[in-house]
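Good morning, and thank you for coming. Please look at the sequence and the structure on the screen while I describe how the parts are arranged.

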Amino acid sequence: ARAEELNKLIQEFTKHDQREYDDQRALEIHTAKDFIFSMLGMVQKLDQKLPVANEYLLLSGGVREGVVDIDLDELNVYARGTDYDMDFTLLVPALKLHDRNQPVTLDMRHSALCHSWLSLRLFDEGTISKWKDCCTIVDHINGATNYFFSPTKVADWFYDSISIVLSEIQKKPQRGMPKVEKVEKNGTIISIILGVGSSRMLYDIVPVVSFKGWPAVAQSWLMENHFWDGKITEEEVISGFYLVPACSYKGKKDNEWRLSFARSEVQLKKCISSSLMQAYQACKAIIIKLLSRPKAISPYHLRSMMLWACDRLPANYLAQEDYAAHFLLGLIDDLQHCLVNKMCPNYFIPQCNMLEHLSEETVMLHARKLSSVRSDPAEHLRTAIEHVKAANRLTLELQRRGSTTSIPSPQSDGGDTNQPDDRLAKKLQQLVTENPGKSISVFINPDDVTRPHFRIDDKFF
């Protein structure tokens, strides 16, 4: 393969994969986001289970895109263009442990590396009584009862609560309100597809446990040298972590949570060159389709490999603007290496091998498929470009047919009330353009859901 040709194909893929947002689309994104946040404010009011002052992490890209480390085999298949136009992942803390300065020690005696059970003993009596029905109960010999926060029961409660709230909202539809096209529980994730104007937004909502600080199990990682040293501060990288509702291969689904460093990954992404990110997105598009059966390699594995490559390779090499082709081939080689050795260490907890459970047969099947990509990467890139073009054509076709215009566009309400929204649409468009792939934190007062406070990384608006 000629590097020049591959570079051109990666550029073309990027052009079609990252579409421009006009004012109308930016306003539709904002309307959908407002609707989701208002809905979560109503969920909090239902039974006061969710924290009153909550902080969400909004990530561009759905769970199927590998934005967080959650197993994809339990998820229904949704396709861009066919089912949605844009996808987001929203991490919603069900519980918060935010008053700690020392390393957080979790109960990992019962679970695989990178996983943990969560005892409500860490919380006050009020929290225990509120969440008792979402726990598994373990009685000890000494007569004490321990309540373990259950990811599956929390997800069930969350899905039921969201369903109740959405049915209430739909009884009194308001002009310009998004149309709820789909609400599904996918394993422990709630997937909602909203129609807003001419756009369809997929929100993968993930109930999580949120921690300030850093887990003791990942403490040694901080002692190593990393590619982000000197570019961002350690405080930014270790500001917090999550437990997400995902189980290890042999773990107990009702009790086991997985450690997630999504907040840190958002910071690390700032230090990755645009050409490496483009190669990563192109590589991801190729392998998602190719290695989807049997489920073994997820886009999150590829993300981990990219972070390891950043630590391993010289900074001046990774900064080369016209090296996207080299980076694509390098990522394929790294993935091949991981498969053949059945070894993909978690970036933050390297002693955890994320491919450990795979059979030799599965590993070799994927390694063979991958070698076919490596022998003709240009052909596979052309296929990925055709897929993304087809998805965009479907989106445009639906917009032309006005399939979701049964709800009026938020801009069609008339009157002066739209002026702030227009300004916000422009501001949002500017933020989206300037900060591709960054996280949005939202601080919400459930008693006044009309005034969310947004933060995109460290910018407030």
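The secondary structure of this protein comes to 13 helices and 13 strands; helices (H or I, at least four residues) and strands (E, at least two) are DSSP runs, numbered from the N terminus. The model is a predicted one, in which local features need pLDDT of at least 70 and side-chain atom pairs count only at pLDDT 80 or more, whereas totals for chains, interfaces and linings use all residues. Residues are numbered from 1 along each chain as its sequence is written, and side-chain values use heavy atoms, with hydrogens and water left out.

Of the 461 residues, 53% count as buried; buried means under 20% relative accessible area, exposed means over 50%, and partly exposed lies in between, with a 1.4 Å probe and protein chains only. Among the contacts with a separation of 6 or more, 75% are between residues 24 or more positions apart, where contact means heavy atoms within 4.5 Å.

Let us turn to the helices. Two packed helices are described by the angle between their axes and the distance between the axes. Axes here are lines fitted to C-alpha atoms, for helices over the stretch in contact, and angles run from 0 to 180 degrees between N-to-C directions.

How do the axes of α7 and α10 cross? Helix α7 (residues 274–290) and helix α10 (residues 324–341) have axes that come within 8 Å and cross at roughly 50°. That makes α7 oblique to α10, because angles under 35 degrees count as roughly parallel, over 145 as roughly antiparallel, 65 to 115 as roughly perpendicular and the rest as oblique. The crossing of α7 with α10 is right-handed: a crossing is right-handed if the near helix is turned clockwise from the far one by less than a right angle, and left-handed if anticlockwise. Residues of α7 that take part include L276, Y280 and I287, and those of α10 include F327, L331 and L335. By class, this contact has 12 nonpolar residues, 1 polar and no charged; Ala, Val, Leu, Ile, Met, Phe, Trp, Tyr, Cys and Pro count as nonpolar, Asp, Glu, Lys and Arg as charged, and the others, Gly among them, as polar.

Helix α10 also packs with helix α8 (residues 299–312), at an angle of about 110° and with the axes 10 Å apart. That makes α8 roughly perpendicular to α10. M305 and R312 of α8 are among the residues in this contact, as are L331 and D334 of α10. The classes are 7 nonpolar, no polar and 2 charged residues.

Helix α7, in turn, meets helix α1 (residues 3–17), where the axes come within 10 Å and cross at roughly 80°. The two are therefore roughly perpendicular to each other. Their contact divides into 5 nonpolar, 4 polar and 1 charged residues.

Now to the strands. In strand β1 (residues 54–60), 6 of the 7 residues are buried, so β1 is largely enclosed by the rest of the structure. It runs antiparallel to strand β2 (residues 86–97), with 4 bridges joining them; strands pair if DSSP finds at least two bridges between them.

Finally, P51 is in the loop between α2 (23–47) and β1. Is P51 buried or exposed? P51 is buried, with a relative accessible area of 17%. The C-alpha atoms of P51 and P93 are separated by 7.6 Å, although the two are 42 residues apart along the chain.
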